[in-house]
Amino acid sequence: MSDTTKTAPRIPPRPTEDWTDEVDDAFSVLRAHAPAGADAPAAAQRPKANILGIYAWHPDFIRGWMPFSNHLRNSTLSDRHREIAILRTTWLGYGEYEWAQHVWMSLAGGVLTETEIAALSEGPDAAEWSAADAAVVRAADQMVTGDKLASDEVWAELEAQFTRQQLIDFVFMVGTYDMHCTAFRNLGLELEDGMTGFPPDHRPPAGR
């Protein structure tokens, strides 16, 4: 990655040893499935993810954001449709951290194949997709580019396979990860060691 496109940490992750009781309490939603009465983690046990380190500067933000984030993670969408929406959106928006994270999650969980992930970098016309899948990818494309509005034709194709709850969750999934691309590129969220980012030729155009 060249110096002109490299993400630099404008707000670096807060070191875990610097987290306060307030930060630990705000992150308690992440321990929702821990045994009742579980204590806050010691510094050595706190999650080291860069994304959480940025959040750790702002406990009130954590409290407001995490319930919605948890809803998206457990929404009415299938795991496969969720990951298709996230990966296509973050590819288009140059959200490298989320792309890298969700490629790993999709492969590790058997949600998407390597061929399907490659097709997500190509778009809705990739030979890999069925007509139904192509409509999902195309909807994401239309929602994050141009006038950011899915066409009536594409919306009808979504209605043919999604319930109304799923349609709402899909729209907010794409919109949220489009926002992530903007937020994390501006904050300078860096990849962690071992994460595989975009190929060298997938970089924002000059001026973006």
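1. A residue counts as buried when its relative accessible area is under 20%, as exposed when that area is over 50%, and as partly exposed in between. Two residues of this predicted model are sorted by these cut-offs below.

2. K148 has a relative accessible area of 46%, and is therefore partly exposed. Its place in the chain is the loop that runs between α7 (131–144) and α8 (152–159). K148 is not a glycine, yet its phi is positive, at about 60°.

3. Is Y94 buried or exposed? Y94 is buried, because its relative accessible area is 15% and the cut-off for buried is under 20%. Y94 sits in the loop between α4 (79–92) and α5 (96–108). This residue, although not a glycine, has a positive phi of about 60°.

4. The next point is a pocket. Rolling a probe the size of a water molecule over the atoms shows where empty space is left. The second largest pocket holds about 550 Å³ of space. Its lining is made up of 26 residues, and those nearest the centre of the pocket are L30, M66, S69, N70 and R73.

5. Which elements give two or more residues to the lining of the second largest pocket? They are α2 (50–55), α3 (59–73), α4, α5 and α9 (164–187). Of these, α3 gives the most, with 6 residues.

6. Sorted by class, the lining of the second largest pocket has 14 nonpolar residues, 8 polar residues and 4 charged residues.

Conventions: Residues are numbered from 1 along each chain as its sequence is written. This is a predicted model: local features need pLDDT of at least 70, side-chain atom pairs count only at pLDDT 80 or more; totals for chains, interfaces and linings use all residues. Side-chain values use heavy atoms; hydrogens and water are left out. Helices (H or I, at least four residues) and strands (E, at least two) are DSSP runs, numbered from the N terminus. Buried means under 20% relative accessible area, exposed over 50%, partly exposed in between (1.4 Å probe, protein chains only). On a 1 Å grid over the protein atoms alone, a cavity is a set of points where a 1.4 Å probe fits but cannot get out, and a pocket is an open set with protein on both sides within 12 Å along at least five of seven lines; lining residues have an atom within 4 Å of a point. Grid points are joined across faces, edges and corners, and a volume is the space filled by probe spheres set on the points. Ala, Val, Leu, Ile, Met, Phe, Trp, Tyr, Cys and Pro count as nonpolar, Asp, Glu, Lys and Arg as charged, and the others, Gly among them, as polar.
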